[in-house]
Amino acid sequence: MAVKKKKLPIGIENFEDIRKEDFYYIDKTGFIVELLHNWGAVNLFTRPRRFGKTLNMSMLEHFFSLNGDKSIFDGLEISKETELCEEYMGKYPVVSISLKGIDAPDFEMAFQMGARTVRRAASKVQYLLESDALSENDKLEYRSLLNSSMDESAFCDSLRILSELLEKHHGTKVIMLIDEYDVPLAKAHANGYYDQMIFLIRALLGEALKTNSSLKLAVLTGCLRISKESIFTGLNNLKVLTAADERFDEYFGFTDREVKELLEYYDLSGHYEEVKSWYDGYLFGNTQVYCPWDVLNHCDRIRSSPHARPENYWINTSSNDAVRRFIQESADTSARRDIERLVAGETVTKEIHQELTYPEIYRTIDNIWSLLFTTGYLTSRGKAEGRQMKLAIPNMEIRDVFKTQIMDFFKENVREDRDMLDRFCNALQNADPEHVEKIFTDYLRKTISIRDTAARKDMKENFYHGVLLGILGVKNRWGISSNREMGEGYADILAEPDSGDTGIIIEVKYAHDGNLDAACREALEQIRHTRYEDDLSDDGVENILKYGIACYKKRCRVMLERA
């Protein structure tokens, strides 16, 4: 009888649920040890999405909190630290809030969502209403935190007031946890009320972290390190720990050893190489880490479908605006070449500014480089001089994000050059391979090419195939089909102009050795061998044009053969 395996914790961000409900848990409790040994009054951890920030915050809440079942830490790394556990475990009131849900089209709605977040945190400690340690005025202040008509002034004071009341009742200072502190700012910037939101969050955090004598320790998480001048003004006790920091480098994301153990536990060790190439590659400090969200999702999929290919799980959790905006800036030749080098698996060296404000993010392409690094679309491959860093796309999954956005950008913009498109289609229809070759070569020089050195030959052909389909797609009245079954095989592209008397068969080849002529001849031979033209002849099409198109980087060769 097969041994029942633990459940995979996909989307489970509550530490107690993972420990009590028989989920697989990769032990990150060493994070608590390091946090307490390297004390900072206010600690900000910035990491990309889906790297376990929220789960780590839940772990901290359950460790410090006066309430709850401390047996959930039994057998974990932290349990070996007996002195630390005796001093800190279950000894503090905890105020824990998450700002990740504050996503609204206008400031008023965003404020109401923020106020509800604070009310939920306050409602967890209603025992304060019965406290002998609190005066009637204290209890009146507490009731104001539960009031649905809370105004902005009360909101800004709320976390400080709550922690002061908790300290009075318990006689001990408070641990404060604020998860995804920058999400409201990102949403506000996207929806046009950034100035109002930055004032609100600055005031909330200033009161809670800077002027709060009831605070023992605070931990914040987010994706971006927002400029201290814009949000943490005057906060002198702030310790910022980014993805570039060597401290805490192994506690966000899965290490190689952890992934090997996970795969072995689920009898999936044979999938190690694909998991590594697709989801590893992030460098946090000195540690190479995998994206946990991707690893867990892929393991779940291949447990039921062992032959399933890796796919992009991360792209579905974000709009990928950063990559889209970056590619839109690629009109400049230098930026275009940088993107091509990244997709080819190479590194580029850029100056990284880890402190930005949201209005600055898209102001210059230099700032977009920094955004791509902090949000996980690029990772470090080592430091250069000063603020300069060697950057690379971390893995196959993120490379796929870039490729998808490059093709989407191409499709959105291809219609703008109507003259070129018409000349290309006319040359195809008029059996003019020289002009087809010249126009297509000129176009490849101006667009971003995907010369991914890690991709298979057929994947490289897919890029050129997609570009041709994008160009031909502007001919609304032409019949265009891709990989259509014809004769004894599948034609790459079949175009049938609206004249009705011509059929155009195109076979695309990637000349991996740079020999364009040989690749063209191979393409034409494939058309002949599979007899793609038979279906067209059966439909009464008399003028059949067969094109072999070979590509290598930004060069192409075109050969024509008539049926």
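Guide: Contact here means heavy atoms within 4.5 Å. Helices (H or I, at least four residues) and strands (E, at least two) are DSSP runs, numbered from the N terminus. This is a predicted model, where local features need pLDDT of at least 70, side-chain atom pairs count only at pLDDT 80 or more, and totals for chains, interfaces and linings use all residues. Residues are numbered from 1 along each chain as its sequence is written, and side-chain values use heavy atoms, without hydrogens and water.

Visitor: Which residues of H7 are buried?

Guide: Buried means under 20% relative accessible area, exposed over 50%, partly exposed in between (1.4 Å probe, protein chains only). An α-helix has 3.6 residues a turn, so residues three or four places apart point the same way. In H7 the buried set is Phe155, Cys156, Ser158, Leu159, Arg160, Ile161, Leu162, Ser163, Leu165 and Leu166.

Visitor: How do I check the length of H7, and where is its kink centred?

Guide: Compare the span with the expected one, 1.5 Å times one less than the number of residues. H7 covers residues 152-170, 19 residues in total, and reaches 28 Å from first C-alpha to last, close to the expected 27 Å. For a kink, read the bend: the angle between axes fitted to the seven residues ending at a residue and the seven starting there. H7 has a kink of about 50°, centred on Ser158. After H7 comes Gly171, with a positive phi near 75°.

Visitor: Which strands does H7 lie across?

Guide: H7 lies across E2 and E3, at about 150° to E3. Axes are lines fitted to C-alpha atoms, for helices over the stretch in contact, and angles run from 0 to 180 degrees between N-to-C directions.

Visitor: What is the strand order in the five-stranded sheet?

Guide: Strands pair if DSSP finds at least two bridges between them. The five strands make an open, parallel sheet in the order E2-E3-E4-E1-E6. E2 and strand E6 (238-241) are the edges, each with a single partner strand, so one side of each has no neighbour in the sheet. From one strand to the next, the twist averages 10°. Inside, five bridges join E1 (residues 42-46) to E4 (residues 215-222) in the parallel sense. One of the partners to look up is Val219 in E4, bridged to Asn43.

Visitor: Do E17 and E18 run parallel or antiparallel?

Guide: Antiparallel: E17 (residues 543-552) and E18 (residues 555-562) share eight bridges. Ile549 sits opposite Val558 in E18. The two strands make a hairpin with two residues between them, and Lys553 in the turn has a positive phi of about 55°.

Visitor: Where else is phi positive in a residue other than glycine?

Guide: Most residues other than glycine have a negative phi. Phe248 is an exception, with phi near 60°. Phe248 lies in the loop between E6 and E7. At 2% relative accessibility, Phe248 is buried. Ala431 also has a positive phi, about 55°. Its loop runs between helix H19 (418-429) and helix H20 (433-446). Ala431 counts as buried because its relative accessible area is 16%.
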